[in-house]
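Subject: Structure handover

Hello,

Please find the structure below, followed by notes on what was found in it.

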Amino acid sequence: MRDQDSFFVGYLPAPPDVRRHAILAGLVLLAGFVLAALTLGRSPLDIGASSYGDELAITGVYSASPYPIVVAAPDTAHPRGRTIMLGGEGKVGAQAFGAAFDGRTVTVKGVLVKRGALDMLLVGGADQFAAATPAQQRPAATQLGRWRISGEICDGKCASGGMRPGVGLAHRACANLCISTGLPPVLVTSAPVEGSAYLLLANANGAAAPAAIADLVALPVTLEGDLERRGDLLIFRVDWSKARTS
């Protein structure tokens with residue numbers, strides 16, 4: 001004989017076992033959605049936890065090209081010299097702020113954003129740059145030869161902790177806006193290159209990357225060009241005519 005409690009009539013209250021089954025099915029669906037969101041929210045190029053907001057003053061030689069960077073003198077923690085990228089507050093580059101100091105020793109103050117070994121100092125204006133003494137010699141670039149490297153192009157600010165996610169298609173429009181306004185593009189590599197997981201991108205002649213880079217941002221790409229080291233930063237001078245999506 002059929003259990004009366006298991007017979008369901010739509011206009012009557014649901015029996016207890018039907019309610020239990022509905023709740024269980026709902027929980028299973030919810031868990032599935034959460035798992036899918038976590039999976040899609042992560043990228044194989046995720047480079048670790050980020051930090052944002054520490055104030056920092058760094059003294060070193062300022063270089064305007066391909067994007068603003070400061071290379072500090074070598075020390076125990078950074079035997080090649082610490083190199084830090086510079087960006088503006090908001091979605092702007094720092095090119096206009098330090099232009100008068102190209103090749104000179106400066107002290108720059110700002111807010112540090114950092115994810116793994118990728119970091120950037122955010123500066124609010126030219127008043128955060130000051131000439132420093134004694135003068136340091138501009139570090140020579142070490143040429144590392146011709147390379148073909150795969151990874152994902154991101155903007156340096158968000159990839160280094162300015163936003164989460166800082167990689168992946170969900171971030172493409174934001175990254176393109178940042179790069180178009182002067183923030184430095186970086187290649188987050190699919191495997192370490194000379195001990196680094198990211199490369200500052202440039203044109204083949206060492207100038208800023210071309211506007212056409214927008215078509216390649218947030219996609220798996222393979223790039224070819226000449227690699228150089230300045231301090232502890234790798235700069236990839238790309239032959240953009242040979243860039244390919246994977």
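Is threonine 105 buried or exposed? At 6% relative accessibility, threonine 105 counts as buried, where buried means under 20% relative accessible area, exposed means over 50%, and partly exposed is in between (1.4 Å probe, protein chains only).

Some ground rules before the rest. This is a predicted model, in which local features need pLDDT of at least 70 and side-chain atom pairs count only at pLDDT 80 or more, while totals for chains, interfaces and linings use all residues. Residues are numbered from 1 along each chain as its sequence is written, and side-chain values use heavy atoms, with hydrogens and water left out.

Threonine 105 and its contact

Threonine 105 belongs to strand S4 (residues 105–115). Strands (E, at least two residues) and helices (H or I, at least four) are DSSP runs, numbered from the N terminus. The side chain of threonine 105 reaches the backbone nitrogen of glutamine 136 at 2.7 Å. That falls under the polar contact definition: a pair of N or O atoms within 3.5 Å; within protein, one must be able to donate a hydrogen and the other to accept it, and residues adjacent in sequence count only if both atoms are side-chain atoms.

Salt bridges

Side chains of opposite charge can pair when their charged atoms come close. The structure holds eleven salt bridges, a salt bridge being a side-chain nitrogen of Lys or Arg within 4 Å of a carboxyl oxygen of Asp or Glu.

One of them pairs glutamate 224 with arginine 146, with 3.6 Å between the closest N and O atoms. Because glutamate 224 lies in strand S10 (residues 220–230) and arginine 146 in strand S7 (residues 142–155), the pair ties together parts that are 78 residues apart in sequence. Glutamate 224 is buried, at 14% relative accessible area, and arginine 146 is partly exposed, at 44%.

Arginine 146 also forms a salt bridge with aspartate 226, where the closest N and O atoms are 3.5 Å apart. This pair again links distant parts of the chain, strand S7 for arginine 146 and strand S10 for aspartate 226, 80 residues apart. Aspartate 226 is partly exposed, with a relative accessible area of 32%.

Another salt bridge joins the side chains of glutamate 228 and arginine 230, at 3.1 Å from N to O. Both of these residues, glutamate 228 and arginine 230, are buried. Through shared partners, salt bridges join Arg146, Arg148, Glu224, Asp226, Asp239 and Lys242 into one network.

The largest pocket

The largest pocket holds about 240 Å³ of space. On a 1 Å grid over the protein atoms alone, a pocket is an open set of points where a 1.4 Å probe fits, with protein on both sides within 12 Å along at least five of seven lines, and lining residues have an atom within 4 Å of a point. Grid points are joined across faces, edges and corners, and the volume is the space filled by probe spheres set on the points.

The lining of the largest pocket has 15 residues, with His78, Ala117, Ser196, Tyr198 and Asp232 nearest its centre. Strand S9 (residues 196–203) gives the most to this lining, with three residues. By class, the lining has seven charged, four polar and four nonpolar residues. Here Asp, Glu, Lys and Arg count as charged, Ala, Val, Leu, Ile, Met, Phe, Trp, Tyr, Cys and Pro as nonpolar, and the others, Gly among them, as polar. Domain 1 (50–131) and domain 2 (142–245) each supply at least three lining residues; the domain bounds come from an automatic or database domain assignment.

Backbone features

Two cis peptide bonds can be listed:
- Serine 65 to proline 66 is cis, with omega near 5°; proline 66 is in the loop between strand S1 (50–63) and strand S2 (69–71).
- Threonine 133 to proline 134 is cis, with omega about -5°; proline 134 is in the loop between strand S6 (129–131) and S7.

Positive phi values also occur:
- Glutamate 194, not a glycine, has a phi of about 50°. Glutamate 194 lies in the loop between strand S8 (185–193) and S9 and is partly exposed, at 42% relative accessible area.
- Alanine 218, also not a glycine, has a phi of about 70°. Alanine 218 lies in the loop between S9 and S10 and is buried, at 6% relative accessibility.

In helix H4 (residues 172–180), the buried residues are Cys174, Ala175, Asn176, Cys178 and Ile179.

Regards
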